[in-house]
Each structure stands twice: as structure tokens, then as C-alpha cells.
Amino acid sequence: MEGTSLCHLILGILALVCFSWVTADDPYRFFTWTVTYGTIAPLGVPQEVILINGQFPGPRLDCVTNDNIVLNLINKLDEPFLLTWNGIKQRKNSWQDGVLGTNCPIPPNTNYTYNFQPKDQIGSYTYFPSTAMHRAAGGFGALNVYSRPLIPIPYPTPAGDFTLLIGDWHKNNHKALRQTLDSGKALPFPDGILINGQTHTAFTADQGKTYIFRISNVGLSTSFNFRIQGHQMKVVEIEGSHVLQNEYDSIDVHVGQSLAVLVTLDQAPKDYYIVASTRFTKQVLTATAVLHYSNSQTTVSGPAPAAPVGQYHWSMQQARTFRWNLTANAARPNPQGSFHYGLIHISQTFVLANSAPLINGKQRYAVNRVSYINPDTPLKLADYFNITGIFNLNSIQDAPSDGAAYLATSVIPTSLHNFVEVVYQNDEYTMQSWHVDGYDFWVVG
């Protein structure tokens with residue numbers, strides 16, 4: 001009898017453990033977003049923009065590491081639409097990435113449900129439209145992935161969390177800008193800088209407390225410098241990686257980049273300028289916001305803080321001070337980075353040189369002399385179903401060479417589990433930002 005009772009007890013414990021395993025799935029978060037046109041005047045001139053759930057910029061998407069995101073996107077535009085999740089790795093899930101290489105655009109008056117998981121990721125990211133110059137009309141927003149409660153972050157919990165989406169902006173709508181590019185001309189100089197879709201906004205916080213500011217460059221082509229009057233900024237995270245915590249008076253943020261800084265309100269209680277101004281441009285465009293102390297009785301005053309005098313060299317020197325914090329936890333409870341770089345066997349090396357050639361009398365942009373053209377069939381589908389004639393693995397060389405530029409659907413072949421070295425070579429007189437989508441890269445030089 002005692003043996004039978006003990007057996008029942010053991011079975012009961014096993015059933016409880018099994019039930020715990022079954023119910024321990026990562027949480028699901030469900031969203032429905034509707035994409036429409038709307039008319040606003042961010043630079044004082046009414047223009048058509050792209051709204052998500054009536055918002056410009058789009059809704060902030062907050063989640064926790066390993067959450068399952070199920071997002072139903074309804075396209076009410078007059079043309080196909082596609083969102084990409086910048087920096088989310090899409091492990092074994094690349095058909096959710098939202099670019100033409102992996103997805104077909106969502107036709108008008110139809111919907112598509114994205115289903116993805118920011119697996120073992122933390123940090124500040126963005127989402128944005130990836131086709132048809134829609135990004136120039138809006139449709140972008142913040143995507144913040146927070147650490148799980150059991151995984152400590154390498155700084156005290158901030159008193160608050162502010163997101164700043166900053167970028168250059170054109171008064172012409174996206175269709176006019178698209179026609180400019182299609183005609184073989186370069187984009188015109190932007191008309192202004194927006195902070196969260198506005199030229200003037202404010203952020204309220206309490207004196208003596210520390211806040212995290214998540215700053216992203218959501219523009220088309222222009223770097224900006226960011227600074228807060230009278231306050232230091234401590235960089236703690238850049239695109240999902242905790243970094244050594246250095247303090248800065250101002251920070252250059254290039255197109256597509258996101259970073260997080262800690263700001264302590266340690267000054268006299270009044271209002272202070274927040275400034276973003278273009279970098280490396282003959283004409284400097286500036287947008288300002290206000291950091292408002294909650295106990296302030298004094299409006300913002302005095303000249304806004306000036307941008308650094310230094311140009312490309314200054315910016316590159318600053319970028320070299322951003323170092324991975326290899327002793328901090330990442331999204332999992334192990335230190336970030338586990339490879340001994342000198343012991344890695346490099347399987348392939350690619351040297352990618354960008355250029356801006358004329359092809360058939362039109363301005364194009366190229367890598368290793370190849371200007372990419374989108375095929376009608378997404379590359380992922382062509383590869384999976386062995387559809388021939390969509391792309392050619394020999395269409396681009398793995399290093400720059402002399403010769404005329406040409407049009408092609410360029411695809412670089414590699415193999416699973418290879419370690420690949422990529423060298424970026426910029427011979428142009430403009431700052432370049434590369435969007436290396438869906439992969440982890442270790443900067444070694």
C-alpha cells in the first residue's frame with residue numbers, strides 16, 4: 001500500500017513537472033496594424049504621409065526577449081507595402097524579414113500576418129517600409145526589446161524611457177521622390193529634420209533622476225549629431241549590444257543606426273535644448289526639442305549647443321570609442337561574445353566597394369560594379385523551389401575590379417556555418433551606412 005502511494009506521489013510530481021514544461025512557452029503578443037495615407041504638415045506644408053493605426057511615426061512596438069510577436073498588417077494604401085524589422089535576426093524564419101529578397105509585398109486591401117521572435121536579443125531597434133520609397137513618407141517606428149526580469153542589465157534601472165526617432169525629411173511625397181530616382185537623378189537635399197515626426201517637441205522628467213534615451217536615425221540619407229544642452233550622455237547600448245559606458249557631449253548617429261544613452265538630470269531646474277543637426281552637409285539643417293525638468297519654472301534660453309567642428313575624422317574617431325562590453329550579460333545569462341577571434345578559420349573574404357556610376361545615362365548605385373535590380377520572384381522562393389533564371393551566383397565578384405558598371409540581381413554564395421570576413425570599401429566622398437540584415441557581425445577593424 002505504501003509502495004502504491006509512493007508511486008502515485010512520484011507520478012503526481014512528474015505530471016506537475018510536465019505541466020510546467022507545457023505551460024512555460026514564451027509569451028505571445030498580438031497586434032493589428034492598419035496602414036493608410038493621411039495628411040499632416042510636419043514642415044508647415046500639408047503633405048501625404050503613411051500612417052500606421054493613424055499614427056506618424058507608427059506605434060512603438062515594445063516586447064521582451066523571446067516574446068512571440070504576431071502582427072496582422074492590413075494594407076489600405078493604393079500600392080503594395082512591406083515592413084522590415086531592422087536588426088531582428090529572424091533565425092530560421094527569414095521569410096518574415098519583410099524585404100523583397102524574402103517576401104512578396106502585401107497587395108492593396110489585403111493583409112499579411114508577421115510571426116517572429118526576437119530570440120536572445122535585447123536593445124533598441126526600428127521597423128520601416130522596405131519598398132517603393134515608402135520610408136520617405138513614414139510608416140516607420142521604434143522596436144524596443146527589453147531584457148527578461150531574471151537577466152540583469154549592466155546599469156541601474158532608469159526612471160523612465162524615451163524614444164527619439166530622428167531623420168531627414170522632404171516636402172515632396174514619396175511618389176515624387178521615387179520618380180526622381182527612376183528618372184536617373186539623385187535625391188534632392190532634404191528640407192528639414194524631424195524628431196518623432198515634429199520640428200518641436202518636449203520630454204518631461206524629474207530632477208535628480210536618470211533616464212534612458214533611445215535614439216535612432218530613421219532618415220533616408222543624412223547623418224546627424226545629437227546633443228542635450230548642459231548634460232552628458234552615457235552610451236550603454238548600440239543596436240542590441242551593451243557597450244563600455246563612456247560619456248559624450250554629443251554623438252554622431254548615421255542612417256539606420258540606433259543607440260541608447262543614460263542622461264542624469266543633474267542641472268538647475270529649468271528647460272534645456274535637445275538638438276539634432278545634419279552632418280557632412282554644406283547647408284546644416286537643425287531640429288530642436290526641449291528637455292523639461294518637471295519642477296522647472298524657466299523656459300529654454302540661450303543659444304542651442306553647437307555641433308562639433310570636426311567632420312569625418314572626428315566622427316570615425318568617436319565611432320572607434322564604441323566598444324563591446326564583453327563582461328556584461330546579453331539576452332542570456334552569459335557574457336556577450338564567446339569566440340577567440342584569432343582562432344577563427346575564415347572560410348571566405350568579400351571586399352565590397354560601393355560606387356555611384358551612370359548606367360545608360362542614369363544615376364545608379366553599385367557594389368563591385370553591380371547595380372542591383374529586384375526580380376519579380378523573391379530570392380528566397382526562387383532558391384527554395386529551384387526556380388532558374390531569377391539570379392546568378394556568378395553575377396558579382398567577391399572583390400572590386402575595373403570595368404563598366406552593369407545591372408544584375410547580384411547574389412553572393414556562401415555555406416552554412418562558414419565564418420565570412422567582409423571588408424567595406426568606400427571610395428566616394430559621402431558617408432555610407434550598410435544595412436547588413438539578419439546577421440551578427442563582429443567588428444575587428
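Reply:
**Phe 226 and its surroundings**

Leaving aside residues up to four places away in sequence, Phe 226 touches Leu 164, Ile 166, Ile 215, Met 233, Asp 249, Ser 250, Ile 251, Ile 274 and Val 275, where contact means heavy atoms within 4.5 Å. The model is predicted: local features need pLDDT of at least 70, side-chain atom pairs count only at pLDDT 80 or more, and totals for chains, interfaces and linings use all residues. Residues are numbered from 1 along each chain as its sequence is written, and side-chain values use heavy atoms, with hydrogens and water left out.

Phe 226 is among the members of the largest nonpolar core that touch the most other members, together with Leu 164, Ile 166, Phe 213, Ile 215, Val 261 and Ile 274; this core has 32 residues. A nonpolar core is a set of buried Ala, Val, Leu, Ile, Met, Phe, Trp, Tyr and Cys residues joined through side-chain atoms within 4.5 Å, and buried means under 20% relative accessible area with a 1.4 Å probe, protein chains only. Strand β20 (residues 286–293) gives the most to this core, with 4 residues; strands are DSSP runs of E, at least two residues, numbered from the N terminus. A second, separate core holds 23 residues, including Phe 81, Ile 88, Tyr 125 and Leu 143.

A cavity is a set of points on a 1 Å grid over the protein atoms alone where a 1.4 Å probe fits but cannot get out, and lining residues have an atom within 4 Å of a point. The largest cavity contains about 100 Å³ of space, a volume being the space filled by probe spheres set on the points, with grid points joined across faces, edges and corners. Its lining comprises 14 residues, of which Phe 140, Gly 167, Asp 168, Trp 169 and Val 218 lie nearest its centre. Strand β9 (residues 160–169) gives the most to this lining, with 4 residues.

Elsewhere, an open sheet of 4 strands has the order β2-β1-β4-β6 and mixed pairing, where two strands pair if DSSP finds at least two bridges between them. β2 (47–52) and β6 (110–116) stand at the edges, each with a single partner strand, so one side of each is left without a neighbour in the sheet. Strands β1 (residues 28–40) and β4 (residues 68–75) run parallel and are joined by 8 bridges. Thr 34 stands opposite Ile 74 in β4.

Note on methods:
Buried < 20%, exposed > 50% of the residue type's maximum accessible area, 1.4 Å probe, protein only. 1 Å grid on protein atoms, 1.4 Å probe; cavity = no way out; pocket = protein on both sides within 12 Å on 5 of 7 lines; lining within 4 Å.
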